[in-house]
Each structure stands twice: as C-alpha cells, then as structure tokens.
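Let's take a walk through this one with the structure open beside the text. Have a look around before reading on.

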Amino acid sequence: MLVDAINHRRPETATENTILGPFFVEGMPVSPSGTNICLDGKGEPLVVQAQVVDIDGAPVKGAVIDVWQTNDDGFYDVQQKGLQPDGNLRGKFQSDAQGRFWFQTVKPRDYPIPADGPVGKLLTTLGRHPNRAAHIHFIVQAAGYETVITLIFSPDCPYLDEDTVFGVKESLIGQFEKVNDSRLAGSIGVPNPFWLTAPDFVLKPVGYGGAN
Ligand SMILES: [Fe+2]
C-alpha cells in the first residue's frame, strides 16, 4: 500500500488506486452492459451503474473495465476450480459515448485471505485477523489516461477499519442503496429488491501535472 501510494499520486479529484491482489484473471471477453456476472445464483443482487469521466468531468468513451469479486461464500472462482463456474463474478465492460456502463452482480462480502502459509504466521504473530473488508475489484483503462486499479468497498462491512491488508481508502467506500421497486426491477431485468450503487471512475490524463 505504501509503494502504491508513492507510485500513483493523483490529483485529489481522481479516483484513488489501491492494491491489485492475486486473483485478477487477464483476457476475459468484453460483455454487453447489463450482463449478470453472478453465475452461481448466491448472494443479494446488486446493480452497478457506473460512469467513467476525466478530471474535468467529461465522459470517457471506450474505456475498458475489468471487474472481479468473490462469490457469496467468500472465494474467487480461481480458488474453487470445479466448485464454482469458471468466470463466476468476473467481467469486462466497455464505456459508451457517455462514459457509462452497468452490470448485475451480488453485494460483495468480507472474506479471509489464505492464512495457511507464511502470511498466516505473520498475522498470528501480529495478533491480526485475516479478513478483508467486502469489496469489488476494478481496473479501468482508457487511451490517454493513467490506468486505475481500484476497489469499491461495501459501506456496511464491519471490517472497513481493520482490513487485513490495509487496502481501504475512505474515498473508495461506496454508497449502496437498497431498492424495493418491482416495476423498476422488472424494467431492467433484476430481481426485486436489489442493491444499487452508482460509482464514478475519474481518470487522470497521462502526463497531467508532470511525471506520474
Ligand atoms: Fe479481493
């Protein structure tokens, strides 16, 4: 987190970076907006309605956005090959002319990082638990802008103040709204009730403000 903070200084208005983590998978195909990335049917439905903009608020068209999170049992698909469908809770999207994209998923949950090796010994020695605050991973890339590797945290997670890898930044705590509106749910094709979050990803142009 310290190296990341030093290497990815951005204007205050730009979306902050945070750690990539070990469970990113390259090469997912681009899916149309509205796709449901939850393939195992577990968890509370969540709609993510996002916009990619630059630091002046102008929409960024054609940004490519990778998304991934654990399933509702707290594991990534790659940790449970054969138990979860391949590609469960993963997707790649592209922003439209207004910089927008949206997808269906499930509300993220907290999960323990693998603690059966040296990391587990370190955590035990330090008297720390292995739990990560509930989050969704994003990588947002667009030509002419610095790539952002970031997270959106669920605002009601009990581990926000004690994320085991210190990945939480206040600006990355999302606003999640519980929507109970069967007509709206029906019109966008999601189960009712559902959670809704509408994050902006604010990109810094390459070269803005000098190196980095
Ligand atoms: Fe994660």
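## The iron site

Keep in mind that this is a predicted model. The iron ion has these protein donors: Tyr76 through OH, Tyr111 through OH, His135 through NE2 and His137 through NE2. They sit 1.9 to 2.2 Å from the metal. If you like to read a site off the sequence, the spacing of the donor residues is Y-x34-Y-x23-H-x1-H.

Tyr76 comes from the loop between strand 2 (64-68) and strand 3, while His135 belongs to strand 7, so this pair ties together parts that are 59 residues apart in sequence. Tyr76 and His135 are both buried.

What about the geometry around the iron ion? The four donor atoms subtend angles of 92 to 163°, and that makes the arrangement irregular.

Four strands make up an open sheet, running in the order 3-2-7-8 with antiparallel pairing. At the edges are strand 3 (90-94) and strand 8, each of which pairs on one side only. On average, neighbouring strands here are turned by 20° against each other, ignoring direction.

Zoom in on strand 7 (residues 135-141) and strand 8: they pair in the antiparallel sense over six bridges. Which residue of strand 8 stands opposite Phe138? That's Thr150. As a reminder, strands of a sheet pair through backbone hydrogen bonds.

Move on to Ser154, in the loop between strand 8 (148-153) and strand 9 (177-179). Is Ser154 buried or exposed? With a relative accessible area of 1%, Ser154 is buried.

Leaving aside residues up to four places away in sequence, Ser154 touches Lys107, Pro108, Ala134, Leu160 and Phe176.

## Cysteines without a bridge

How many disulfides are there? The count is zero. Take Cys38: the closest cysteine sulfur is the one in Cys157, and at 18 Å it is too far for a bond. A disulfide would call for two cysteine sulfur atoms within 2.5 Å. Seen from the other end, the sulfur of Cys157 has Cys38 as its closest cysteine partner, again at 18 Å.

Both cysteines are tucked away from the surface by the accessibility numbers: Cys38 is buried at a relative accessible area of 11%, and Cys157 is buried at 10%.

Methods. Residues numbered from 1 in each chain as written. Predicted model: local features only at pLDDT ≥ 70, side-chain atom pairs only at ≥ 80, totals over all residues. Heavy atoms only, no water. Helix = DSSP H or I, 4+ residues; strand = E, 2+ residues; numbered from the N terminus. Buried < 20%, exposed > 50% of the residue type's maximum accessible area, 1.4 Å probe, protein only. Contact = heavy atoms within 4.5 Å. Pairing = 2+ DSSP bridges. Axes fitted to C-alpha atoms, helices over the stretch in contact; angles between N-to-C directions. Donors = N, O, S within 2.8 Å, 3.2 Å for Na, K, Ca; no water. Tetrahedral: all angles 85-135°; square planar, octahedral: opposite > 155°, others 65-115°.
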